[in-house]
Amino acid sequence: MKRYDMIIVGAGPAGLSAAIEAAKRGMKVVVYDENAKPGGQLFKQIHKFFGSKEHKAKIRGFHIGEELLAEANSLGVEVVLNAIVIGLFPEKEVTVKIDDHVEHVKGDTVLIATGASENMVTFPGWTLPGVIGAGAAQTMMNLHGTLPGKRVLMLGSGNVGLVVSFQLMQAGCEVVALADAAPRVGGYGVHAAKVARCGVPFYLSHTIVKADGDEYVTGVTIGEVDKNWQVIPGTEKHFDVDTICLAVGLSPMSKLADMAGCAMEDNPAKAGFVPTVDKYGETSISGIYAAGDVSGIEEASSAMIEGRIAGIAAAAKLGFISEEECEAEVAKQETALDGLRQGMFAPGMRGKMITETEEGVEISQNLLKKGFVADEEIERFPGVTHNTGVHPVIECTQNIPCNPCQDACPKHCIKIGSNITALPAIDPEQKCTGCGMCVASCSGQAIFLVNEDCGDGTAEITLPYEFLPLPEKGAKGTALSRSGEAVCEAEVVNVRSAKAFDHTHLLTMKVPKEYAMKARFFKEAAKS
Amino acid sequence: MNDRSRDIGEFVPQPDDDMIVCRCEEITKGEIRRAVHDGMFTLTEIRRYLRTGMGLCQGQTCTKLVKAIVSRELGVRPNELEPATGRAPMRPIEMKILAKDKEDA
Amino acid sequence: MRIEEHPILGTYEKGRTVSFTFDGKELQGCEGEPIAIALKNAGVMVHRYTKKEHKPRGIFCAIGRCTDCVMIVNGKPNVRTCITPLEEGMEVRTQYGVGEKAEGGAQK
């Protein structure tokens, strides 16, 4: 029987990170993954990640995947693809299907990093072709360059639903609406805002009544739900769509841990049935670890740190490093992990109703109910200030663990401080040069450069733009408000692209000055 | 939970009883609810009785949905129900491959 | 529909164009991409009809988990088309029920 110091099931962010830490310390590591390509879901994540530098913030997910893979390869980690682990036994024996046979492999330590599976909801017509998971949409678009459909309805306002809605538009689909049975948007407000200002209507407290079609989806009806989740008659709305995308949460894929005999718990804070683990990620069975979504649904950034911790702990367990070294290394990782587990969306905050920020600013209710901050709400946030000349307007209104904007500004105009979840504030003493680094660095696309009065009755707004075709200087069109409504005519006066912006273009549009604080997106007029 | 003498009332038909829940084996919500009234109080029993989650996908899609339906029928919280037993093979696998067991490869 | 150019990802690396058949009809796709992707781009939505209710199914999870997209490929039933790479000359057929069975359950 083949033996390894560490067997890792799943080559996603947690698995690869653990492999790197273990291999770095001299361990012989194998990673099995059932897919044809490694990286788990990272290669489908084309948005810039949140966090701080140590969490690889403002780097797009697929680039993080490439980095991890390169590092694992350089350390000699054996990654076996199309390898399906079909069994895990308490004595740390793994059975894995490779090609046309089953192999038995023994590990001195085992890491379960199998990730999550998508939750689903039922409604009449949910089995029709054209009803797909959000993950399927990402796979089709971002891995295979194929549109899932032309007109899409998204169900689910969590981060997955919001991020994938934006990706659908980037790929060229029309998102006709975003619905969620919950009364409030579940994901980051900044993700919602960037979808809403493109003109996607949000229908909270709405669920799918039915999907139409005989052979495949031709339409969808949604309706408003009452407190008991029942559709209120007369509230139905119909949309002609060819695709219905479901993003209604994830569940840990923890069956391997269960079959191995690890102690399990059904923990709503972890979004399901998970193995109980200690601070090293070790389960109740000595030498079997779990990291990433399988031990509790979180972001990929947390999964990577959990993986690193498990890799370090396994190295200590087998004597590759000392206890002291392990403690010191793990402590470092824990600090990074704690940084991510702060703010309004921390794991412990699930389901809690928050009315004000850490700074005591009242939360935008409009953002939670419609996906955008209302004009009358935006002024109360510390990132929104007024000044003469060009200056940043930061529409970041919730406490999320993210701070790249603070480092991006060469003039130090933007202050977050040591508390990573603090709302960014503007230092009015520092003069903005209009370089736009903050606009491009904001993973939430929530920073705009505004010159409220150019002296000729106009204002200029610089916004992040990640769509094709990229409007050219001189292009005429419409300015859209935060809610995606057309508010005035606009002309593009500058388009900046740079390698440092990483595909986020800075588009500057000129609008009548009374729209300086209203216009937040540009829609080019159809070319004749 | 396993107290079979517990009274869960009569089976009352619901308008969406014909909704498919287990996509692979085409088991409906009504069939699952009826199975509970037939005395199948655990997810493992439901699985054996109806084959929910025993099709090609091995419960990847319906596990959570079945759990919600059964718990509602029993009047308990979903996390009070023990999940169905997990055992190898975790994924559908052809018998001829399962038989090619390279112990000493 | 294929994405010609993506604002973040640019253009996609694709294999050469190859021919395959879907229910006897000749279609084209890119070598190495999942069969389901080639079918999707050719406008095929229905991959199979279920055994009990004879209902259409197509791509659902696209990562080989849900098995809704299974078809008969080169005579072999229950092939997950969303993760099986397309090859030149593949014979892909709509699957009825659990495999190669005629109506009524008798083996063909």
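Two residues are in contact if their C-beta atoms, placed from the backbone, lie within 7 Å. The model is predicted: local features need pLDDT of at least 70, side-chain atom pairs count only at pLDDT 80 or more, and totals for chains, interfaces and linings use all residues. Residues are numbered from 1 along each chain as its sequence is written, and chains are lettered from A in the order in which they are written.

**View 1. Helix 2 of chain B and its cover.** Helices (H or I, at least four residues) and strands (E, at least two) are DSSP runs, numbered from the N terminus. In helix 2 (residues 43-50) of chain B, the buried residues (20 or more other C-beta atoms within 10 Å of their own) include L43(B), I46(B), R47(B) and L50(B). They line one face of helix 2 of chain B, because they fall within an arc of 100° seen down its axis; the arc is that of the directions from the helix axis to the C-beta atoms. Their cover includes strand 2 (27-28), helix 1 (29-37) and helix 3 (63-74) of chain B. R51(B), which follows helix 2 of chain B, has a positive phi near 75°.

**View 2. Contacts of C245(A).** Neighbours within four places in sequence are left aside; C245(A) then contacts I132(A), A134(A), A137(A), V152(A), M154(A), L155(A) and V164(A).

View 3. Strand 17 (residues 264-267) and strand 18 (residues 272-275) of chain A run antiparallel, joined by four bridges; pairing requires at least two DSSP bridges. M264(A) lies opposite P275(A) of strand 18. Four residues separate the strands, and A271(A) has a positive phi near 70°.

Terms used
A residue is buried if 20 or more other C-beta atoms lie within 10 Å of its own, exposed if 12 or fewer, and partly exposed in between; C-beta atoms are placed from the backbone.
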